[in-house]
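Dear colleague,

I am handing over the structure we spoke about, and below it you will find my notes on what turned up. Please read them with the coordinates open beside you.

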Amino acid sequence: MKPLITTLIALTAFAGPAFAAKGKAKAKAETAVVDTDASYLGWEGSKITGKHNGKVKLSKGTLELNADHQVSGGEFTVNLDSMTNDDLTDATYNKKLVDHLKSDDFFDVAKHPNAVYKIRSVKAKASDKGTHEVSGDLTMRGITKPLNFPATITTEG
């Protein structure tokens, strides 16, 4: 289960949620609110016999921007019940895989319908694997673990 979870969250950097700035907070900082209609999280899971991929929707999320309009924090809630598979074209096998991932063998969506990622820090870096290192805490199935990943972050406007 761990490789799938890590991959699921690591792909946040590539799925790129859409945001809209909402008002000003303290010291010219802003909160960007996720546009849940335009956003999703891509996932990829692999096993000995191959890979599968799909999407899950974000039910809510925010990014905190400091006075310099740089990402400094945030929180995302992932609706695990919205999970889809994109690579299996046979409807029966597609449903079987998605139901298995939602079962208590993996994400136990009946008891834990959401995953939450809270950003603790975002540090700029010079690397070929992203422009920033995002550090935070991932909570799934009632268990919280630290999760860090490289991300390419750009701001517009």
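Ser-135 lies in strand E7, which runs over residues 132–140. Please keep in mind throughout that this is a predicted model. With a relative accessibility of 13%, Ser-135 falls under the 20% cut-off and therefore counts as buried. Its side chain is joined to that of Asn-148 by a polar contact of 3.3 Å, and, leaving aside residues up to four places away in sequence, Ser-135 also touches Leu-147 as well as Tyr-117, Lys-118, Ile-119, Arg-120 and Ser-121.

The side chain of Glu-30 makes a polar contact of 3.2 Å with the side chain of His-69.

The remaining notes concern helix H3. At the start of H3, a side-chain oxygen of Asp-90 comes to within 3.0 Å of the backbone nitrogen of Thr-92.

Which residues of H3 are buried? They are Asn-94, Leu-97, Val-98 and Leu-101, and because they cover an arc of only 95 degrees around the axis, they lie on the same side of H3. An α-helix has 3.6 residues a turn, so residues three or four places apart point the same way. On the face of H3 turned away from the buried side are the exposed residues Thr-92, Lys-95 and Lys-96.

Note on methods: Residues numbered from 1 in each chain as written. Predicted model: local features only at pLDDT ≥ 70, side-chain atom pairs only at ≥ 80, totals over all residues. Heavy atoms only, no water. Buried < 20%, exposed > 50% of the residue type's maximum accessible area, 1.4 Å probe, protein only. Helix = DSSP H or I, 4+ residues; strand = E, 2+ residues; numbered from the N terminus. Arc of directions from axis to C-beta. Polar contact = N/O pair within 3.5 Å; in protein donor to acceptor, adjacent residues only side chain to side chain. Contact = heavy atoms within 4.5 Å.
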